[in-house]
Number of protein chains: 2
Amino acid sequence: MNEIRHVAVLGAGLIGAGWAALFGLCGRRVTVIDPHPHAATRVADAVAQARPVLAALGLAPVATPAIGYVASSSQLDADVALVQEALPEDAALKRAAFEQLEPFIATDTLIASSSSGCLPTPMQAGLVHPQRLFIAHPCNPPWLMPLVELVPGRYTDAAVLPRAAAFYQQLGRRTVQLSGEIRGHLVNRLQAALWREAVHLVASGAATVEQVDQAVTEGLGARWACCGPHMIFHLAGAERGMAGFLDNLGEAVEQWWADLGTPTLDDETRRLLIEGMQAATRGREVAALASARDQGVTHMLRAARALENG
Amino acid sequence: MNEIRHVAVLGAGLIGAGWAALFGLCGRRVTVIDPHPHAATRVADAVAQARPVLAALGLAPVATPAIGYVASSSQLDADVALVQEALPEDAALKRAAFEQLEPFIATDTLIASSSSGCLPTPMQAGLVHPQRLFIAHPCNPPWLMPLVELVPGRYTDAAVLPRAAAFYQQLGRRTVQLSGEIRGHLVNRLQAALWREAVHLVASGAATVEQVDQAVTEGLGARWACCGPHMIFHLAGAERGMAGFLDNLGEAVEQWWADLGTPTLDDETRRLLIEGMQAATRGREVAALASARDQGVTHMLRAARALENG
């Protein structure tokens with residue numbers, strides 16, 4: 001169970017650059033595989049954003065991360081212990097990249113796909129050593145949100161996920177290990193379910209984009225940062241917990257479920273969402289809003305960690 | 001636009017006792033209308049739970065709240081300026097209580113229903129002065145979570161909701177004023193939408209109760225405490241914001257929507273949820289878990305307020 005010291009990141013988009021920043025700032029040697037001339041700039045931007053957050057969260061970022069760049073997998077050094085794939089969400093493109101990569105890494109080098117939309121088993125199909133491939137899906141950005149979802153494919157070796165979990169935990173992440181693959185894993189399914197109703201409320205004219213967002217930030221977010229949805233209802237059931245909740249409110253919940261919307265992202269709905277967001281942001285730029293999010297989430301995570309540590 | 005100094009709370013269950021604690025600790029005179037012999041004990045328990053939370057949030061709870069008890073609406077003093085109804089979720093029961101109440105309050109006394117499941121217009125039907133009735137739906141517990149949803153019925157006077165908003169804001173609450181009524185308002189619809197998928201993930205065997213809750217607390221909650229669901233996706237769209245997100249990921253989201261589950265709370269699902277919750281709580285009592293929730297959420301809200309105040 002050797003430690004993972006040298007990591008390759010395949011693709012320096014938003015997620016790949018974020019991973020590279022996290023790995024590098026946490027003292028791992030990083031090789032970014034991306035032929036794009038802007039790869040180094042993107043990673044440097046992510047490092048600049050991630051550094052104060054990791055410092056605030058007590059993760060002691062290194063002063064000078066060791067991040068190198070190559071244009072192709074064929075230029076990788078032999079000691080790469082894990083490849084974190086972060087290519088666009090296109091299963092065929094990812095499979096081709098894995099087949100191209102495999103001859104240039106050791107047989108036991110781990111391959112972690114960041115995919116939210118593709119399932120691991122089809123990605124294992126073209127590999128000579130498929131037992132080392134799995135999903136390690138981060139939230140966005142990877143250096144901010146703690147959770148990494150670890151998902152095995154049919155051919156993933158049983159020892160791989162525990163080893164990966166130990167690695168991501170060393171970087172201050174929290175891991176959830178699923179027993180099998182499911183489209184969207186957990187986080188994106190739950191997020192999509194909430195957003196579907198959010199879109200319905202806007203599209204049906206029941207509320208504005210800003211009102212729906214306020215309902216979440218002021219009515220649900222702080223609670224969900226401490227208790228999951230099952231626990232919330234367990235606590236709403238008084239002494240009998242979940243059983244009491246289901247007896248008292250199970251029927252009401254089923255009525256709400258029956259009344260939830262099933263919008264589509266047609267042109268008119270897209271227009272409502274884009275215009276509603278413009279009204280809600282009042283001209284503030286995406287970069288400034290993202291910076292406010294990072295600062296806010298960092299405060300929330302610090303509060304959560306302080307609580308855990310008594 | 002006179003200030004609301006004396007509030008009556010109709011029903012001292014979990015929500016009513018919580019309202020009474022909030023009103024009393026924030027210096028309002030409170031009369032609880034409940035014939036149950038345990039009403040005073042329940043309210044005293046809520047006061048004990050709420051006091052440290054309100055103090056931690058800078059709301060300066062009074063040392064000795066002025067909370068009185070009567071068995072029936074007929075015993076109310078004439079200066080009650082707002083009646084906060086918190087009876088069980090039964091529309092007929094609530095309507096009967098309002099009709100019984102109306103002769104004993106002034107014509108301009110506000111009537112706020114805490115209902116999450118009943119709509120306001122049908123509750124206005126039997127009133128002589130229906131223009132003063134509206135929904136003021138708190139999250140649970142009312143003294144902890146900031147949001148109060150204000151919902152007008154068809155006959156609600158236009159001046160009522162702004163006056164109510166000012167009152168709840170004086171108690172440290174945040175208000176969202178809906179333009180019309182919708183089953184479950186915003187918070188419970190959004191919460192139900194997320195929980196439907198949470199139940200599906202457990203019922204289908206994809207994840208345990210504890211794993212689903214962890215996906216929310218570690219992957220979504222801290223972000224939702226700062227940014228609503230629309231803002232999250234606006235920030236995932238890079239420079240082009242929501243428009244970029246919809247172009248890049250709109251199709252993927254629609255595929256996730258199509259794959260979401262539609263569970264029912266049948267006996268087998270209820271058993272899985274209750275047993276899953278037992279496994280997740282590892283024998284910890286509901287009261288201890290609720291206390292941990294209150295402490296955790298208080299930390300989150302303090303962090304959020306510190307951030308707002310720079």
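**View 1. The two domains of chain A.** The C-alpha centres of domain 1 and domain 2 of chain A lie 27 Å apart. The bounds, 6-177 for domain 1 and 187-226 + 264-308 for domain 2 of chain A, come from an automatic or database domain assignment. This is a predicted model, in which local features need pLDDT of at least 70 and side-chain atom pairs pLDDT 80 or more, while totals for chains, interfaces and linings use all residues. Residues are numbered from 1 along each chain as its sequence is written, chains are lettered from A, and side-chain values use heavy atoms, without hydrogens and water.

**View 2. The interface between the domains.** In chain A, 15 residues of domain 1 are in contact with 10 residues of domain 2 (heavy atoms within 4.5 Å). About 1000 Å² is buried between domain 1 and domain 2 of chain A, 61% of it from carbon and sulfur atoms; buried area is the accessible area (1.4 Å probe) lost by two parts on being put together, summed over both. A:L57, A:L144 and A:R174 supply 39% of what domain 1 of chain A buries here, more than any other three residues.

**View 3. A salt bridge across the interface.** The rule finds one salt bridge between domain 1 and domain 2 of chain A (a Lys or Arg side-chain nitrogen within 4 Å of an Asp or Glu carboxyl oxygen). A:R174 forms a salt bridge with A:E308, with the closest N and O atoms 2.9 Å apart.

**View 4. The open sheet of chain A.** Eight strands (DSSP E runs of at least two residues) follow the order β3-β2-β1-β4-β5-β6-β7-β8 in chain A, with mixed pairing (at least two DSSP bridges between strands). The edge strands are β3 (67-70) and β8 (174-177) of chain A.

Terms used: Helices (H or I, at least four residues) and strands (E, at least two) are DSSP runs, numbered from the N terminus.
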